[in-house]
Amino acid sequence: RDTTWPYQCFGCFVFKPSAKKKKTLSLADHFIHGCEGAENSEKRFKLCQDLWDQIKTDTEVLQDELNRNILDSLLDFTRKCSSTRQHSDWASQMRASEIPTAALVLGVNVPDHDMTFQSLSDLLQQSVTPYVASVQAKECGALKHLIKRVLERLMGTVVTVDDEEEEEAEQTSAQHHKSVHCSLSTLCDWYNTKTKKSNTGTPGKKRSSPVRDGPQQPPVVIIFKDLEAFNPRVLQDFILICSRYIERLPLMFIFGIATSPSTIQHLLPHSVSSLLCIELFQSLSCTQHLATVIDKLILTKQFPFKLNGKVMQVLISIFLYHDFSVRKFIKGIQLALLEHFHSQPLSVLCCKKKEALLNVMQLDHLDLERIRHLLSFKRYVEKQEPREQVDLLTDDTHLKEVCQKLIKDLHKYHKNYYPILRCLHTLTSSLPRYPLGKQIRELHLICLEKNVWESEDYQSAMKLLKMLAKDELIALLQRCAEILQPAKSKKIKSALVQLEDMLTKFKQLDSNITSPLKHLQKKTDLAQLQKTLLEMNESRRAKKLSPFEVLRNEALEFIDSLVKSHLSPPESQVLNEVCYYTSSATVRRHLNATPRTSIQAALNSPFYYLQNDRLKTEDGTVSNAAPDICIAYATVVSAAEGNDPDSDNFGKVDEVKHARFIRAVSELEFLGFIKSTKQKTDHVARLTWGGC
Amino acid sequence: MNLLNHLCYPNPTHTPTPNLNLNPNLNRSQIRPSSFGTLSFWKIICDTKLHYSYPSIFIYGHRASGKSHVMHVLLKELELPHATVSCVECVSVALLFEQVLLSFFGCDAASLLPRSASLSDFVRIYRQQCSQSPAKQTRYIVMEKAELLRDTDANLLPALLRLQELDNVTIILLSEIVWDKFRPNTGCFEPLLLHFPDYSKGELHTILSQDRHPSYSDEFYSSYINILLGVFYSVCRDLRELRHLAALNFSKFCEPLEEGKETDTHKLWRNIEPHLKKAMQTVYLREVSSVQWEQMQQTEEKENGALRGLSAHTHVELPYYSKFLLIAAYLASYNPARTDKRFFLKHHGKIRKTNFLKKNEKTSNHLLGPKPFPLDRLLAIFYSVVDSRVAPTASIFSQISSLVTLQLLTQVSHDDQLDAPKYKCAVSMDFICAISRTVNFEIVKYLYDFL
């Protein structure tokens, strides 16, 4: 079994498996099937699933927190709008014909929006109005479909549109519901009966009971999830119709906008947009969102599972370069998690400390051999005394004990790593030109790759730190102290004590500092100034440091020592393979697929995919025995553009050969490598990029 | 005749019930003497209770010139049997038929209509109902936004115009477009044409003054309207917009009055004029919503906050490669394909602009608008402008479709065309320049127009 297994799923057969035959495999079965080191696979599956569940709930909570602000202001907006409707002062009366509209700008990461809209409509239903309907552009091609969806979602009944395609759905439901006509007046009547009912006190069976203390006329909220994708005509007509009913029906819109608010003006002419009263709501940018997710999910010792630098890099660059989607980023973590537990038998130790120590004791001989083969462990062994080396390599019980210690060390490393990382980031993130990056993830990536203190950027950052003014430096150190505060590890605690000690010293400086520059303010003549500056220069050359400078250097050396002792890359840690997932190629292949390259590779080296060594050739050309399409592809690649490969090679060929050739050509055309031109018969052009 | 006079000169004691009114803002005062130039015509309508009226009447005039309102009040006051249908609402013709039957014969008749009712179904049921309850007087069908009838089935409009062959019924079409644009090429029964001219300044003044704030005097409000029209009449004659503006700015106008400082109209004018000018740039274009405008008026004293309108928010955050795809699309849309060699080949030699210049291409491509380009060309340009090596991954392709959904690109070819689809770039020069700046790409150097 090699690492290229995804490529072997080559053919695709569209057979619908019959229901009886389909044996439902549980997730666990899928996991265990073909899993590396099958003995403890069930345990690993459980660990993996527990971790994923935790990550999932954590991200959901995070998402809710991030969206809280904007959702709260939206809720306020809807409440305010429905209450002003019931006011009767002159100004509100004059404005009553406008439909209140919230333009919610969410950013281009459209797949992430679903969750936001879901929680928005949930919150609205809980606290403002039971009447909320969300619509998407793809289900509203024409006006009648839009109205139908809105009505269905609000009233919970089947709505007829005079259309053949609905025939089927209508027939099935005809017995149960009396279908209603697809018009807004239907909705209006329905709304009136609903609200009248609840006003007289008969509690509605379905929805009306939970919130009755609110407004007497709860608004009807329609959410357009993806405004840009809507057909402008449909939207315009819908708004026109709605504005005819605004007197009787307290309608309200929420527009989900991915690009910018000016898109409203592109979609709606003035005559329509003047019917709306638009208020703007801007959500958190997706990069901020990602930063929070990384902060809470990656830069924490809470999760034993870690990603190495390359995998992180792949995930982050997919985010920044391709889609801005936080959801996909988390999916990437999920994939890495699954792959790690699936392919690394020792991942059984990737869990909370207590559990890991227990699991060490339960390792069997095979697992211990695996440990002995780990690169980090080999390096560790080499550093030991010869006797110890023998013990480690032969005595299983001894190895278990050592492993327990090593696991503890690994956990300690993580305990110290993150607080110190945050400290270093706090110190360097505001330096000019950001030598160690603006975002903490950049610094994290550097630290994952190599010894950060050896890099040039680190040196220049340290130089810049030395140039900071006193109060700036104190403020930064103060923040570092705050970061170290909650840490529980002994080393960090002692570091905190030292840091606070220095801070008090800095503050004591205030009283007895006298800078030579202070005298300057009085003496204005040039000669004097030159003299003083010269003196200052002199003193600097003589390395007579002021007390502040001494203290500053001391502080920075202290920081430097912290960095050196705690921010070494994880690869240097023994047993890091247990927690760190390293296969960036797998992640990239799964998340950022290159279909065309794969097809090209398959056409170039068929022996690999057909697992037939006879197709292999010495010089890398395609063998005669290869499938027709591979030969045709090779011909196309070598032929000049627009050249018909048919013409010279095959003058008189038998019909079967000709048919095979034609088939290969049409297959290539289907795959998007060539297309027929209209210049002459049987003339094709090569395509470089293919179709979408 | 008495009734008409009664309509022309609003009677404050008689107010229509609001739920019968289509729009309470458009009150009766909107009916003005000048629309009764064709008084004889109205007489026809009013007096022909028993005999047949003209089969179809076509009324056209600009937005907010009182068409619907006049018809509505007239039919109401004269208690004529009528059905009012808005064509924008009739997503299917069946809905139209249903509404007509419902208003004339009640819901029993409407429920007789089969699903997906056709015109012949309507005629059948109408005739049936008609024989049961024959018309004692002319029935009227008012169709608002009749211009939308042009997009429906070709036989609908001619049939509606001849509906009188069924019964004593008159159809009244209200439209913002002249009849010439309606006339089907198969010919049809010509309706009686009637034009509603725009309101004059004086009429606008009279109508707007009717919205008087209850706690201020008639003269005071009327002088306010006078000032308002003085500022806005030159740019806007739309009654609805003016009414909107009047409502929004009135509180500001009254401010000095409440502080007890000013009572002189001239001084009030001095106070409000700059404010109204500001409103012209923001509220009038609906850059700023009415609620925001009111909030701004309240906070204005504290901070001279620059409230940004909708069009000020044009910045769009895009993923890195999407930006380059968009840049490539822009270049492909505005550069002739021949010049790609010059811009994107490393050793293109010395090719000057004059070598490319064709006679008919002297016009700037930016004036002509974006041109469609095939996917291949987009990707070729993309790979040469993007600074790193990019694998042609599935997500590059999906970004192109995302850009299409976001309407930054438009797909020119049909959705079904899978190989070599064609696109157009739909963003402005300013937008693309802003995008290029964020990725340090000097787009102007690559544009043929700016060579």
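1. pLDDT is the predictor's confidence in each residue, from 0 to 100. This is a predicted model, in which local features need pLDDT of at least 70 and side-chain atom pairs count only at pLDDT 80 or more, while totals for chains, interfaces and linings use all residues. Residues are numbered from 1 along each chain as its sequence is written, chains are lettered from A in the order in which they are written, and side-chain values use heavy atoms, with hydrogens and water left out.

2. Confidence. The scores for the model are ipTM 0.85 and pTM 0.81. Chain B has an average pLDDT of 77, and 78% of its residues score at least 70. Helices (H or I, at least four residues) and strands (E, at least two) are DSSP runs, numbered from the N terminus.

3. Where pLDDT is low, the predicted coordinates should not be read in detail.

4. Interface extent. Chain A gives 67 residues to the contact and chain B gives 71 residues. Between them the two chains bury about 5,800 Å², 59% of it on carbon and sulfur atoms. Buried area here is the accessible area (1.4 Å probe) that two parts lose on being put together, summed over both.

5. Specific pairs. Two salt bridges are counted between chain A and chain B, a salt bridge being a side-chain nitrogen of Lys or Arg within 4 Å of a carboxyl oxygen of Asp or Glu. One of them joins Arg244(A) to Glu144(B), with the closest N and O atoms 2.9 Å apart.

6. Backbone of chain B. Most residues other than glycine have a negative phi. Lys145(B), not a glycine, has a positive phi of about 50° and lies in the loop between strand 3 (139–144) and helix 7 (156–161). Gln407(B), also not a glycine, has a positive phi of about 65°; its loop runs between helix 18 (394–405) and strand 7 (409–411).

Key. Contact means heavy atoms within 4.5 Å.
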